[in-house]
Structure formats: structure tokens, C-alpha cells
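Load the model and colour it by chain. The stops below follow one another, each with something to select and a note on what is there.

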Amino acid sequence: MPERAATRAEAARLRALFEAAGAVPVETSVLQPADVLLDLYGEDIRARAYVTSDALRGEQMLRPDFTVPVVQMHMEHGAEPARYTYAGEVFRRQEEDARRPNEYTQVGFEIFERDAPEGADAEVFSIFFNILRPFNLRAATGDIGILMAAVAGLRTSERRKAALMRHLWRPRRFRALMDRFSGRAPVPEARAALLASRDPMADAGPMIGLRGQDEIQHRLNALRGDAALGPISAAEVELLDALLGVRETSDHALEHLRDIAVDLPAIQVAVGRLARRLDAIAARGIDITTLDFEASYGRTQMEYYDGFVFGFYAENRPDLPPVASGGRYDALTRHLGRGREIPAVGGVIRPGLILGLEGGR
Amino acid sequence: MSLKLGVPSKGRLMEKTFEWFGRHGITLGRAGSDREYAGYVQGIENIELVLLSAGEIPRELAAGRIHLGVTGTDLVREKLGQWEQQVRELAELGFGQADLVLAVPRCWVDVSRLDDLDAVAAAFRLKHGFRLRIATKYHRLVRDFLRDNGVADYQLVDSQGATEGTVKNETAEAIADITSTGDTLRANHLKMLEDGLILKSQATLFKSRTAAMEDVDRRTFETFKVRLRLD
């Protein structure tokens, strides 16, 4: 397969560029233990990854991405700070669109570093930007950290905030929760009847299953507490909508977000981080007045990014997925490190997509 | 060559299918003894009856090994990715009606809708250290439905039978299964979620989009359509 050989050669070229930028090449297994990935992504991963098993090791998945094994490897025996690069195939089930490949090559670059996270963000972004410069791609950027700060700063209960935070990556569900918590959507009939009932357990029938009566009672109490709580104010909903709608060049986006932060002080620290990141990116010779920033960018992707996010798109090929993508995933390292954590940022390029582009070889 | 028509090989589904074709002047029947899975067709030329398990009919249609097949919409959608590109619905047969629904214990008085289930799943994971289990054999349909509706923190556990009993046996916290009247759910102290209807299914006649047809088969198919008053 000449295409495969060309992809491999392009992957080698990209990996050499990452090595030249100071990264150590690493390898990971193709078969990954399924439990770690399931714990991280939930049942959805089964729709995206191939699962296999044997009687000894149980369920395994064909590597759906490199990030998880690279983080695990670093946390087991990596020295800090560290820069890694890798090249290899990932496997994704495609049940809806047969034209999408279920096996393709990724080349990645990851930085694990405690100091100056904005500097590391800018370093990763500028390396990708410069490598991809010949291909006339559109760069998209965003910052999930600003959204998380906005939710954490809402003047409402911790319970509501936790529910919103949990669905930050599911925009439709997030919207429905906001509508409910702000009183824009009516309380469903069954919920109203439940709250009005003097003895909700009267018609419950026998207790069956693992979820006990204490758990049901606990949630009933929580629902009553929530019903007694006032709605999230219209002003806050408006601010959040304004925030989610920010979509302009980075310099203007920063000004806009600073304006919003006057009324939504909870995002000030996160906006300060964005400002430092843009300074660091500009210092690496990238013109931020032409760099797009979209506050909602990255919300529909896998939920491990929790800060800076970026992607590179071929504008004349809207049918293609992003040619490159990445971001900051501090929370993932916290989760996989079971208490320990290491701030991390990185991304991947798909050499197979580059080859099909104008300017590709 | 002849057109191959796949029909469920046993039970009410087979009998009802035979009856439906009989009403359209096509007699289907099993040849020889009850144990033999061979069939005959009378009243139309060049159609061969293939008796199969209803669960295998979607795959056989997609592979093009049979041209026509009767099976449930639920099975086609569960087993075939992009099912519209592999098979075409010719007629709903008006029997075998069944709904694929999500159900939870009736004692969960705090849960009536999917967003309740989602909230309970989050709390359950924190308390029990594993994700809330939903027993089903319709993995793809249930997973797609829950993803579209933003339910997270659950896991599917495979159950190929007696699914309604899994909650009482504590091998699952909720179920997604086929029900026609809801009696089995009630008898097992389960209730359907208000917005938990995943799919309405019934026995349907499908045509394969991949099975090869010669001119004579095309003529047979035209006669078949006229006889069944399709289109």
C-alpha cells in the first residue's frame, strides 16, 4: 500500500520535527486495559473503540488514543519537566460513516511541566502552528477553563453547579439544565406532584435493587431543597450566554471577555491566564490579531480538556475532521494519578490527512 | 435464480407472517416435519422460502444472501450500522408490535424522566464506586439513545433473557427491553420512564439493497410488489 508507506514517512518526518523541538520519542502498547478507559470515558467509549478480551487479562481496547498511555507512562517513571513525542496507529469504530477510516496514524507532542502553564500552552501551539504553516489551515482556539470558572462562580447551590459542570461537554444537556435552574423551563408535572406529595413512598411497592431507600430519601431531600432555592438570575444567564457566544479574533475576544469579567468576576483569573497565553503566543511570532478564539470551542470533544484547546482545519475540505488538535488536560493527570497530578498540554497531527492537502508532498 | 425470502423459523412471528402472506394470495409453509427448516412457496413463481432465526435475518439481508426478509425493526436497527443504506422497508406487517423502553424500579419514586436517571447515575457512582448498570441486549440502540439525551455515568450489562429479573437479582439497577403491554415490567416492580421510549418496533418486510438480482428476479419482484399491493 503506497499510501500507507507515504503516511509512515510523513509521520517520521513530523516526529523528527517534534524531536528537534526537544521531545523524547516514546512507544505505547496497542492493546490497552479497558477498565481505565471505561472509567475515564464511560460507556460512550465502547461506541468509539474496539473491544477485545482474553481469559487472562479480561477486556482490552485497541488504543483509541495515545494520551492516556503516555500520561500513565509519565506518572510511573517520568522525570519533570518532560516533553514526549510518539507516532503510531489509533483505532476507532465507525458505525455511522463507512468513509471515515477506523485505523489511522497520529503523531503527537506532549509537555508535562509544573511552571508557567501559559508558556507551555504557547510552546505547544506555536510548534504545531509552524509545522502546519505550509498547508494554509485555519487555526481554532478556545479555553474550557474560562467556562469552568464561569460555572463555578454562579450564585447558586453547589449541587446545581456540579450538575452543570458535569455536562459542560454536552451542550444540549447543559442548556436544558440552565433552563431548569433559571426557571425558564417549567418544572415537569411528575416532579411537581412528587414535591407536593406528603408521602412520596406510599405507592412505591417493594424495595428492590441495590439503590437503597436511604439513597432515594437523600435525593428527595435534595430535590425539596432545590425547589426551595431561587432561580439562577436572568442577569447571570445573560452573562453566561454572552460568554458562550464570544467568537472573534483573539485580541478582540480578550477585550470582550474582560468586559464580561467586570460583571462576572469569577472568570477574572481565567481571563488573566488567557491574556498571558496570548502574550506568550505573540512572543513566539504568531499574529494574535488574526488568530480565531471561540469560547465554546472544544465542548463537543472528549471531555478531558480543561483549559486551552486548539484545532487546525482545512477550510476547503469541510468533510475532513481536524488535521491537528490538542489542549490542556490537567484533570486527566489528576484522575489517572490517583491523587498525584502534573499539569500537561499536548496535541496530535494526522499525517494521513496532511498528505491529501495542497502543499502536502 | 430465484428471490430468497427470509422468514422467522418458529413461533408466533412465523405463523403471523405466513398468515399475512396468505392474505395476499401467497402461501408459505414448512416442508416435511416441524423439525425441518425447509419451506415451500405457492401462488407465485421463483420465490424461495428461507427459514431463519429472526435475529439473523438483518445480517443475511445486509450480506445479500437473501433478497427479502421479515423481521423486527428493532433487530435491524440494533444489528446494522447505517441500516437505511443496507436494507429498505417495504411494508409494516401490523403485528409483532413491541416498544424498546427504559425502565427503573417502581420504588425509585424520585425518578420519572431521563434527567432524573442521569442525576441518579451520578450519585450512584459516587456512593457505590461503579457506574449504574443497565441490563439490555440492545447495546447500540440504548447507547445511542442515552448519548443523544445526555445521560452519563451508566454502564450497559449484557442480558439475553429474563432481563426484567436483573434488578431484583441486583445484577443491574435499570433495564432497557422490549415490552408490548408492560405487564412483565409491572410484575417485576419496574416502571417505564416518561421519556424512555427508545424505539417502536413491529414485524416489517425488508428488501436487501445489496443482494444481486438478475432480470428474471427483477420481474419476479415486480409481480411480488403487485401481489402485495406495495408502492
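**Stop 1: the sheet of chain A**

Select strand β6 (residues 103-112) and strand β12 (residues 344-349) of chain A: six bridges join them, and the two run antiparallel. The model is a predicted one. Within this pair, Gly108(A) has Val348(A) in β12(A) as its bridge partner.

Now widen the selection to the whole sheet. It is open and mixed in pairing, with nine strands of chain A in the order β1-β5-β6-β12-β11-β10-β7-β9-β8. At its edges stand β1 (24-25) and β8 (247-249) of chain A; each has a single partner strand, so one side of each is left without a neighbour in the sheet.

**Stop 2: the nonpolar cores**

Which residues have the most contacts inside the largest nonpolar core? They are Ile146(A), Ala150(A), Ile134(B), Ile175(B) and Ala176(B), in a core of 115 residues. Helix α5 (residues 117-132) of chain A gives the most to this core, with eight residues.

Centre on Ile146(A). Leaving aside residues up to four places away in sequence, Ile146(A) touches Leu257(A), Ile267(A), Ala270(A), Val271(A), Leu274(A) and Ala295(A).

**Stop 3: where the chains meet**

Show the contact between the chains, to which chain B gives 32 residues and chain A gives 32 residues. On the side of chain B that touches chain A, α5 (114-128), α6 (139-148) and β9 (154-158) of chain B are the elements that give two or more residues. Of these, α5(B) gives the most, with seven residues. By class, this side of chain B has 13 nonpolar, seven polar and 12 charged residues.

**Stop 4: the two domains of chain B**

Colour chain B by domain: domain 1 covers 3-97 + 203-227, and domain 2 covers 98-201. Their C-alpha centres lie 32 Å apart. At the contact between them, seven residues of domain 1 of chain B meet nine residues of domain 2 of chain B. Helix α3 (residues 73-79) of chain B gives the most to the domain 1 side, with four residues. That side has no nonpolar residues, four polar and three charged.

**Stop 5: strands of chain B**

Select β9, β8, β10, β7 and β11 of chain B. These five strands form an open sheet in the order β9-β8-β10-β7-β11, with mixed pairing. The edge strands, β9 and β11 (190-201) of chain B, each pair on one side only. Neighbouring strands of this sheet are turned by 25° against each other on average, direction ignored.

Inside the sheet, strand β7 (residues 98-105) and strand β10 (residues 174-179) of chain B run antiparallel and are joined by five bridges. Here Val101(B) has Asp177(B) in β10(B) as its bridge partner.

Finish at strand β5 (residues 68-72) of chain B. Is this strand mostly covered or exposed? It is mostly covered, as five of its five residues are buried. Strand β1 (residues 3-8) of chain B pairs with β5(B) in the parallel sense over two bridges, and Leu5(B) stands opposite Leu68(B). Strand β12 (residues 203-208) of chain B runs antiparallel to β5(B), with five bridges between them. There the bridge partner of Leu68(B) is Lys207(B).

Technical notes
Residues numbered from 1 in each chain as written. Chains lettered and ligands numbered in written order. Predicted model: local features only at pLDDT ≥ 70, side-chain atom pairs only at ≥ 80, totals over all residues. Domains from an automatic or database assignment. Contact = placed C-beta atoms within 7 Å. Nonpolar A, V, L, I, M, F, W, Y, C, P; charged D, E, K, R; others polar. Pairing = 2+ DSSP bridges. Axes fitted to C-alpha atoms, helices over the stretch in contact; angles between N-to-C directions. Buried ≥ 20, exposed ≤ 12 C-beta atoms within 10 Å, placed from the backbone. Core = buried A, V, L, I, M, F, W, Y, C linked by C-beta atoms within 7 Å.
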